[in-house]
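Subject: Structure handover

Hello,

Here is the structure I promised to pass on. Please open it alongside this email, and my findings follow below.

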Amino acid sequence: MELSSLKIIVTGAAQGMGAHFAKRLAEAGAQVAAGDVNEEGLAQVASSAQGLPGKVHTRRLDVSDEADVAAFVEWAASSMGGLNGLINNAGILRDGLLVKKDRTTGEVTKLSKAQWDAVIGVNLTGATLIARDAVAKMVNLGQRPGVVVNMSSIARHGNRGQSNYSAAKAALAANTRTWAREFAGFGVRVGAVAPGMIETPMTQGMNQKARDALVAAIPVGRVGVPEDIWLAVKFVLECDYLNGETIDVDGGLQM
Ligand SMILES: NC(=O)c1ccc[n+]([C@@H]2O[C@H](COP(=O)([O-])OP(=O)(O)OC[C@H]3O[C@@H](n4cnc5c(N)ncnc54)[C@H](O)[C@@H]3O)[C@@H](O)[C@H]2O)c1
């Protein structure tokens, strides 16, 4: 699909990769409906997109809230005059080992159910709710072709300390294929991008020692930037022959 023909929802668009995608899309002439729980960040993204060929419309969105998602999708389609795309990008981390033993005290602690539920609620249930409602809207509007881009993660292959996050991101990669098969009859393609370590507010809190060790393990020798991931997202959006695949973009970390 041509980027300029997109009327596309971007979730988690207030900062980091989502904000970058929204801006790049508006530069290319797309209509963007940007949603996030962070309204202040959304306002900044909208103002930085002023004067670009496309437009960034903004509204608060909590992807884990079913009613909020339904209302957002309705608003997005009416603000943009249609809907033919979704970048399913909102995500959170609540890292922790499933079982941990303190080296000094010997105390055994467990990952809390709250940590599990929070990540599954946003990264998996939330991503599923908005994919469901956005595609239902495209079908109701008779809008085809359409495209969905899921943001998975290299953690989909399994990562220590990320049971909740890995499970959600692996499920999103699996459902990229499930949905590609289910939505083909509606003319909607589905693809996913699975980033490695990317420089965004999500990763800025990482301690320097862990960060240095990780960088040393990345064959291209650096942490990624949002533009690296945009190039892959753009490929999924534009390449009408890409369907059902998850593309790892990690500087070679996983190979
Ligand atoms: N940064 C990385 O290294 C990395 C690596 C692999 C995958 N990812 C994934 O890429 C996506 C974007 O990550 P990022 O690094 O830009 O993160 P980020 O934390 O900088 O941005 C995520 C955005 O999602 C929003 N958000 C959180 N909960 C939400 C909810 N319930 N409803 C709507 N919005 C919500 C946040 O407010 C934030 O603006 C996420 O899905 C993340 O898991 C990131």
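Predicted model: local features only at pLDDT ≥ 70, side-chain atom pairs only at ≥ 80, totals over all residues.

Helix 3 and helix 4 cross in a right-handed sense. Helix 3 covers residues 66-80. Its axis lies 9 Å from that of helix 4, and the two pack at an angle of about 35°. On the helix 3 side, the contact uses Glu66, Val69, Ala70, Val73 and Ala77. Helix 4 answers with Leu129, Ile130, Asp133, Ala134, Lys137 and Leu141. By type, the residues of this contact are eight nonpolar, no polar and three charged.

Helix 4 also packs against helix 5. Helix 4 spans residues 113-141, and helix 5 spans residues 163-183. The axes are 9 Å apart, at an angle of about 15°. Angles under 35 degrees count as roughly parallel, and helix 4 and helix 5 are therefore roughly parallel to each other. Helix 4 passes helix 5 in a right-handed crossing. Helix 4 brings Gln115, Trp116, Val119, Ile120, Asn123, Leu124, Ala127, Ala131 and Val135 to the contact. From helix 5 come Asn164, Tyr165, Ala167, Ala168, Lys169, Ala171, Leu172, Trp179 and Phe183. That contact splits into 14 nonpolar, three polar and one charged residue.

Proline 145 sits in the loop between helix 4 and strand 7, which runs over 146-151. The peptide bond from arginine 144 to proline 145 is cis, with omega near 5°. Most peptide bonds are trans.

Helix 8 covers residues 226-238. The axes of helix 1 and helix 8 come within 10 Å and cross at roughly 55°. That makes helix 1 oblique to helix 8. The crossing of helix 1 and helix 8 is right-handed. Helix 1 supplies Gly16, Met17, His20, Phe21 and Arg24. Helix 8 supplies Pro226, Glu227, Ile229, Trp230 and Val233. The residues of this contact are six nonpolar, two polar and two charged.

Next, the ligand. Which residues are closest to the ligand? They are Gly12, Gly16, Gly91, Thr200 and Met202, out of 30 residues that surround it. Helix 1 (16-27), helix 4 and helix 6 (201-204) are the elements that each give two or more residues to this shell. The shell around the ligand holds 14 nonpolar, 14 polar and two charged residues.

Last, the whole chain. It has eight helices and nine strands. The radius of gyration is 18 Å, close to the 18 Å that the globule rule gives for 255 residues, so the chain is as compact as a globular protein of that length. Along the principal axes, the C-alpha atoms fill a box of roughly 60 × 35 × 35 Å.

Best wishes

Technical notes
Residues numbered from 1 in each chain as written. Axes fitted to C-alpha atoms, helices over the stretch in contact; angles between N-to-C directions. Helix = DSSP H or I, 4+ residues; strand = E, 2+ residues; numbered from the N terminus. Parallel < 35°, antiparallel > 145°, perpendicular 65-115°, else oblique. Left-handed = near helix turned anticlockwise from the far one by under 90°. Contact = placed C-beta atoms within 7 Å. Nonpolar A, V, L, I, M, F, W, Y, C, P; charged D, E, K, R; others polar. Near = placed C-beta within 6 Å. Rg over C-alpha atoms; globule rule 2.2 N^0.38 Å.
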